[in-house]
Amino acid sequence: MLLYEHPLSSYAQKVKIALREKGIPFTAELPESFGTGRRDGPFAAANPRTEVPVLIDGAVTLFESTVILEYIEESRPEPALLPREPAARAFARLTEEVCDTQYEAVNWGFGEVLWFRRATGDLAAHLRAQAAAQTRVLQAWLAARLGSAPWFGGAAFGWADAAVAPMLNRSVHYGLGPEPGSPLADWHARVRERPAVAATFAEFDAAAARMAEAADLYTTGGRRREYRDHRLEWMVKSGGIAVVLEGLRDGNIRFPWPDGAGEG
Ligand SMILES: N[C@@H](CCC(=O)N[C@@H](CS)C(=O)NCC(=O)O)C(=O)O
């Protein structure tokens with residue numbers, strides 16, 4: 001299996017955790033054109049959205065992390081990540097859905113300020129405070145779903161745990177982690193001990209340490225960051241519409257495929 005990915009992508013991390021939990025060997029590759037929106041090359045051929053993750057398994061080429069996760073679960077059912085019982089399956093999928101949409105967008109917004117320096121001064125402080133407040137809301141929602149169970153999957157690690165892990169770990173990385181000693185903090189301590197998760201987080205840490213150079217590519221190196229759906233919404237609703245307008249003026253953000261400029 002070939003996985004086009006980026007170690008900082010929470011979506012790619014979710015897929016890598018699932019592959020490693022199931023013991024499925026894969027080759028991870030950072031697409032050469034990642035972050036450019038370019039339409040040439042094998043990455044864009046595999047995913048017109050030019051987003052990671054993309055999974056290539058023989059003749060099967062898939063994008064969208066949830067679709068990939070479903071394919072992995074259905075083609076390599078053991079060990080199962082989804083529980084058997086319908087309500088428990090729906091619980092796991094719903095947890096994943098909120099993580100992939102609202103939670104990821106908040107993390108992304110915080111990163112736009114911290115890593116990509118999209119705002120300075122009062123606006124930066126405002127956006128960081130918005131992200132911190134929203135993170136608290138989302139972590140309270142997750143804590144209620146976890147309850148006193150060891151895993152989001154209940155007695156066993158599963159699908160929802162793989163989905164929450166990259167989101168919560170990123171909050172911890174940003175200094176926005178749950179209260180020490182809380183059930184959610186204890187869950188984070190537990191989940192990062194799992195070999196599949198530890199390997200994935202180690203790759204995240206190594207890439208995060210190199211982010212300062214990567215950020216410069218978006219002002220000088222022809223990279224255009226994708227502002228899409230929940231992420232774009234986050235920037236606007238959190239008070240950062242000036243960031244969007246500036247990015248459009250400077251040509252270092254882009255909107256999702258297909259675009260109207262005839263590029264693809
Ligand atoms: N809904 C997609 C989202 C994937 C996504 O947004 N990936 C980001 C990285 S976290 C990406 O590749 N963005 C392209 C870019 O910024 O150029 C999924 O679940 O796979």
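Which residues in H5 meet Pro183, Leu184 and Trp187 in H7? Gln139, Leu142, Ala143 and Leu146 do, where a contact is a pair of C-beta atoms, placed from the backbone, within 7 Å.

## Basis of the model

This is a predicted model, in which local features need pLDDT of at least 70 and side-chain atom pairs count only at pLDDT 80 or more, while totals for chains, interfaces and linings use all residues. Residues are numbered from 1 along each chain as its sequence is written.

Helices (H or I, at least four residues) and strands (E, at least two) are DSSP runs, numbered from the N terminus.

## Packing of H5 and H7

Two packed helices are described by the angle between their axes and the distance between the axes. Helix H5 covers residues 121–146 and helix H7 covers residues 183–191; their axes come within 9 Å and cross at roughly 80°. That makes H5 roughly perpendicular to H7. Axes here are lines fitted to C-alpha atoms, for helices over the stretch in contact, and angles run from 0 to 180 degrees between N-to-C directions. Angles under 35 degrees count as roughly parallel, over 145 as roughly antiparallel, 65 to 115 as roughly perpendicular and the rest as oblique.

By class, the contact of H5 with H7 has 6 nonpolar, 1 polar and no charged residues. In this scheme Ala, Val, Leu, Ile, Met, Phe, Trp, Tyr, Cys and Pro are nonpolar, Asp, Glu, Lys and Arg are charged, and the others, Gly among them, are polar. Val60 belongs to strand S4 and counts as exposed because 11 C-beta neighbours lie inside 10 Å. The cut-offs for this term are 20 or more other C-beta atoms within 10 Å for buried, 12 or fewer for exposed, and partly exposed in between, with C-beta atoms placed from the backbone.

## Nonpolar core

The largest nonpolar core has 49 residues, of which Val15, Ala18, Ala162, Val164 and Ala165 touch the most other members. Such a core is a set of buried Ala, Val, Leu, Ile, Met, Phe, Trp, Tyr and Cys residues joined through C-beta atoms within 7 Å. Leaving aside neighbours within four places in sequence, Ala162 is in contact with Lys14, Ile17, Ala18, Glu21 and Leu81.

## Ligand shell

Around the ligand there are 13 residues, and Ser9, Tyr11, Glu51, Ser65 and Glu226 come nearest; a residue is near if its C-beta atom, placed from the backbone, lies within 6 Å of the molecule or strand. Helix H3 (65–75) and strand S5 (225–226) each supply at least two residues of this shell. By class, the shell has 3 nonpolar, 5 polar and 5 charged residues.

## Helix H4

Asp100 lies in helix H4. Asp100 counts as partly exposed because 19 C-beta neighbours are inside 10 Å. Apart from neighbours within four places in sequence, Asp100 is in contact with Tyr11, Thr66 and Ala163.

With 14 C-beta neighbours inside 10 Å, Thr101 counts as partly exposed. Its C-alpha atom is separated by 8.2 Å from that of Arg231, 130 residues apart along the chain.

## Backbone geometry

Two cis peptide bonds involve proline. One joins Val52 and Pro53, with omega about 5°; Pro53 sits in the loop between helix H2 (41–46) and strand S3 (54–57). Another joins Trp257 and Pro258, with omega about -5°, and Pro258 is in the segment after strand S6 (253–254).

Glu64 has a positive phi of about 75° although it is not a glycine. Its place is the loop between strand S4 (60–63) and H3, and Glu64 is partly exposed, with 17 C-beta neighbours inside 10 Å. Arg117 likewise has a positive phi, near 50°, in a residue other than glycine. Arg117 is found in the loop between H4 and H5 and is partly exposed, with 14 other C-beta atoms within 10 Å.

## Helix H10

Val236 is in helix H10, residues 229–237. It is partly exposed, with 13 other C-beta atoms within 10 Å. Leaving aside neighbours within four places in sequence, Val236 is in contact with Ile241 and Val244. The C-alpha atoms of Val236 and Thr66 are separated by 26 Å, and the two residues are 170 apart along the chain.

Notes
Contact = placed C-beta atoms within 7 Å.
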